[in-house]
Amino acid sequence: MEEVKVYGAWGSPPSHRVEIALKLKGVKYEFIEEDLKNKSEELLKYNPVHKKIPVLVHNGRPIAESLVILEYIDEIWKQCPLLPTDPYDRAQTRFWAKFIAEKITPAVRDAMLIPGEDAEKKTEELIELLHILEKEIKEKKFVGGNRNKYMDIVSLYVIHWIPILQEYSSKHVLTREKFPGIYDWIDQVLLDCGDIMENLPDKNKMFDVLRVIFGPRNNYKPT
Ligand SMILES: N[C@@H](CCC(=O)N[C@@H](CS)C(=O)NCC(=O)O)C(=O)O
């Protein structure tokens, strides 16, 4: 019998990417919650390069990096495909998934969670990146007319985490008025896959953790 384990953490967007892909495919797995302040020996053994979650361990063999893991899952379990079939569409999907994971995600962190003298500059940089995504969505509708499950999974960060971080930091950068294309995409994903959004981290619990790591923010009121 095959063995599937996910080393992850409840509040981590990349960790949820992997869990949602497995759930979409109907693959049963064991989830191992890592304490990121005191990482397990298994995690360090399975991901010695980055020492980060998530790691998928399939029949004893580890795979790290959430986007790489999504591709592996899609290749091993063929049901409910994540990536499109056309090679160009696949390449485009990988490109924009990387853009969200490697450009927008750190820009959100820098603009919203790391206050500093250059806070305004960081916010401008984030707005610029969101405009690039908005333009892509509006012009090519790669996530509108031509949506796929891989991008829907990657959109979780935009749907769930950015609004929490905006509220926490009182920096409302991604708004429906300024980015209607991104919101159209979010609306469509929520309409089609609202059920896969179950079990995403609770906002108030996230606020508590953020407060410990990054300190209190203007808007934060414990509930
Ligand atoms: N590029 C990685 C990012 C993974 C990542 O940043 N994981 C964070 C949690 S969200 C982590 O393990 N942090 C612990 C650390 O940096 O020591 C992926 O997509 O899997």
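I worked from a predicted model, in which local features need pLDDT of at least 70 and side-chain atom pairs count only at pLDDT 80 or more, while totals for chains, interfaces and linings use all residues. Residues are numbered from 1 along each chain as its sequence is written, and side-chain values use heavy atoms, with hydrogens and water left out.

**Entry 1: the ligand's surroundings**

I looked up which residues surround the ligand and found Ser12, Pro14, Arg17, Leu36, Lys39, Lys52, Ile53, Pro54, Glu65 and Ser66, where a residue is near if one of its heavy atoms lies within 4 Å. By class, this shell holds four nonpolar, two polar and four charged residues; Ala, Val, Leu, Ile, Met, Phe, Trp, Tyr, Cys and Pro count as nonpolar, Asp, Glu, Lys and Arg as charged, and the others, Gly among them, as polar.

**Entry 2: polar contacts**

I then checked pairs of N or O atoms within 3.5 Å. A polar side-chain atom of Lys39 lies 2.4 Å from a ligand oxygen atom, one of Glu65 lies 2.8 Å from a ligand nitrogen atom, and the side chain of Ser66 has an N or O atom 2.7 Å from an oxygen atom of the ligand. The protein covers 69% of the 510 Å² of accessible area that the ligand has on its own (Shrake-Rupley method, 1.4 Å probe).

Definitions and conventions:
Polar contact = N/O pair within 3.5 Å; in protein donor to acceptor, adjacent residues only side chain to side chain.
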